[in-house]
2 protein chains.
Amino acid sequence: MDMEVIAALTEILDAERVSVTDADRALHGRDQSPHAAHLPDAVIWPQTTAEVSAILKLANTRHIPIVGWGAGSSLEGNPIPVHGGIVVNFQRMNQILAIHAEDFQVVVQPGIFYKDMNKILGQFGLFFAPDPGANASIGGMIGNNAAGTRTVRYGATRDNTLALEVVLANGKVIRTGSRSVKQSAGYDLTHLIVGSEGTLGLVTEATLKLTPLPEHFSAVLATFSHTAKAAEAVFSIIGAGLGPAALELLDAAAVTYMNQDSTINLPVAPTLLMEFHGATAEALHTELALVRDVCADCGATRFEAGVGRDERDRLWHGRHQLGEILFRAHPKETYLITDVSVPISRYPDLATFTAGLMETMNINGALFGHAGDGNLHTVVFAPPDSPRQQADLQRFNDHVVQKAINLDGTCTGEHGVGIGKQKYMVQEHGEAAVDVMRQIKTMFDPHNILNPGKILG
Amino acid sequence: MDMEVIAALTEILDAERVSVTDADRALHGRDQSPHAAHLPDAVIWPQTTAEVSAILKLANTRHIPIVGWGAGSSLEGNPIPVHGGIVVNFQRMNQILAIHAEDFQVVVQPGIFYKDMNKILGQFGLFFAPDPGANASIGGMIGNNAAGTRTVRYGATRDNTLALEVVLANGKVIRTGSRSVKQSAGYDLTHLIVGSEGTLGLVTEATLKLTPLPEHFSAVLATFSHTAKAAEAVFSIIGAGLGPAALELLDAAAVTYMNQDSTINLPVAPTLLMEFHGATAEALHTELALVRDVCADCGATRFEAGVGRDERDRLWHGRHQLGEILFRAHPKETYLITDVSVPISRYPDLATFTAGLMETMNINGALFGHAGDGNLHTVVFAPPDSPRQQADLQRFNDHVVQKAINLDGTCTGEHGVGIGKQKYMVQEHGEAAVDVMRQIKTMFDPHNILNPGKILG
């Protein structure tokens, strides 16, 4: 990187918050996805919105790529600096600026991590509900419109974001939305920024909706003879108007992987892992009885409700470890993660198709998903030295995405477009809509400095 | 209007679906707001997306203003054709295209009316929850991001819109979003269009989220000695985590007006009109007991829960008639409607301030609102021949908006910007954010043909 640019950066920040070392660059070259690493030219750690603004002004004038960085836990290559440039690590902008407990709201900087934030909010009886599993940064969650196990009940990050402070490509700072939950005053810039993966601006502050911690809850396990039957039960549970706070599908392989965690010992079978919240113990009890009936009707081979808090926490911890376990179990193979989502009535079709395809294509991996909201994942593996099997992974992804789109769904429910889903954008949205997205990108970022090479290429 | 344009329109549509009569123009010159009427040059009734596309191509080439029209029930002058041109009445595009009952979704054309749609959906045990009170069109609700009595629990129109078909200014047709409730595939065009009041495109199809009709519900009435006390109770009910399906505040004047409906006979006092839904009768019972306690703590002078379905329907009918009654009661006066919204903790402050201001300024009218989501309305009156009192109405609005913005709120919770709220846009969002909105408008509509003179002027 041009020494003049480094000098300008160190003028904006302290020298110790600008790094061009190989170690720092390597740490900011890849996320949790299988996409190839690409090193930035420099990594910087701003502490204020004014610093972010000054950096963007500089980058915009000199046409230097700028990529925001949170925890590096994203799964589609979203923050990989494929065109080099400067990675902006928000680690030093990680404060809670205000807790409006009485309004169920919090104002935070983007660098705070999800679990760290929720630990503090728990003291107020509150939590930020969209649970991505990983200890993602809030800035990253906003960038990707992250979601997870609790989204079936509480929505995704977009649904829980009220207001933002955003630094635009030219360094101008805008504030979008407000703390009012009702907003009808002009164009919805907040929701345009959420999910834009750092390609329209850098978020420097966010006001989030919170949820009261449930007083009465119960984890539920149900097992089935086939993945297809478990997926049918998902549709029946949602269709019956039951309101799970989480509804996860795991195929037998996923359960086997989860059992590698020494604290988990589940029967190896297609499984639904659920959680229900109730205003009262009685309400919860009534709902669980209905869930039991629905699962029985769908042929559940085993049903266990009302497991205690410790067991529940252990199960969810195990579920959240699943990705890590999968990656660790295949150290010598490359992997691919699918992330399609469909209307809930189409979920059995999608799950059955995907499980069948893994079998017929002889694809190795596990199938699981946030079934309650129609989201289905697989993590699939292949040896790096087999071009045929590598090509099979890509063909598998193509088939799964094609199926999801045919079922009125989407190529990505929660991981974002990043690098891997760009090729499906026109197929999903049509040329005219993608063209509008391109115009929006050009309007916000005429020199294409903000996370170039993502979403629209 | 240029005869050549009329000829071109009649070529696109049948002659009987193009009108330049004074009667038709007068019918499309004003909404339910106090804003001055302005006649369009022509009114047309398209039947297909292709026709809408052809009309927009024509208008875009010739720079003719185009304003969408649904029911004419909006309250901020949103569809008044202030620059003349063509009003596009969607009355003949009012079909339900698909009911996906199993996914709690419906696909409709924009011209269908809210109540008519819900009557049909009721046969499937479903309803579209954002209830604007008026029998608005779905296209209009999308345009204004309409909300209402049920929004406290089920969200506004934006929160319940999954996918759209939109005709752009140049006649191109885009499809946004999908039927998947989880979406992370690029920029959120759907939510950008919702609330854009027809200034970015014309919606020709919408996929909406539905809600199962509640099996167990109860209307609740609580009265208080002062409006301030009733507003305190609102905050306490929401703060206690109780989940009302509706939570309306009415001052004594509003109750008096409601009582003009022969079926309504409420005690004249500041009142909370609520509704609660329960999965079971027991759950509902438990919640109502808690509501009673909270209201008692807040000094309720009277509390009545568990009123039957007929009484409940009568009460809500009365509440929905309130606007009409108010307008009819002051045939010779002009009126102004305020529509601010704040975080719920600030609601008592806002309500107390507004009630006090009505008194000190000697402003005549009623105060009410969708209190549960922080929304407060007043309808205030003044004789048309008193410039002082007319000016007072404007000053009153200015003060209320200023107060709401100071309380971290917004100038409009649900009526939209239309004509009357434009002057507050910079104050609420700041110049930089409004500038981004302007750029978006210019990008979508370079010739400013789509509802010109609205939102950003």
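This report describes the domains of chain A, a strand hairpin in chain A and a helix pair in chain B. The model is predicted, with local features requiring pLDDT of at least 70 and side-chain atom pairs counted only at pLDDT 80 or more, while totals for chains, interfaces and linings use all residues. Residues are numbered from 1 along each chain as its sequence is written, and chains are lettered from A and ligands numbered from 1 in the order in which they are written.

| Domain | Residues |
|---|---|
| domain 1 of chain A | residues 3-89 |
| domain 2 of chain A | residues 96-212 |
| domain 3 of chain A | residues 216-406 |

Taken over C-alpha atoms, the centres of domain 1 of chain A and domain 3 of chain A are 36 Å apart.

Strands β5(A) (residues 96-100) and β6(A) (residues 105-108) pair in the antiparallel sense over four bridges; strands are DSSP runs of E with at least two residues, and helices are runs of H or I with at least four, numbered from the N terminus, and pairing requires at least two DSSP bridges. H100(A) stands opposite Q105(A) of β6(A), and the hairpin has four residues between its strands, with F104(A) in the turn showing a positive phi of about 55 degrees.

In chain B, α12(B) (residues 347-360) and α13(B) (residues 387-406) pack at about 165 degrees with axes 10 Å apart, the axes being lines fitted to C-alpha atoms over the stretch in contact and the angles running from 0 to 180 degrees between N-to-C directions. The two helices, α12(B) and α13(B), are therefore roughly antiparallel (an angle over 145 degrees).

Technical notes. Domains from an automatic or database assignment. Parallel < 35°, antiparallel > 145°, perpendicular 65-115°, else oblique.
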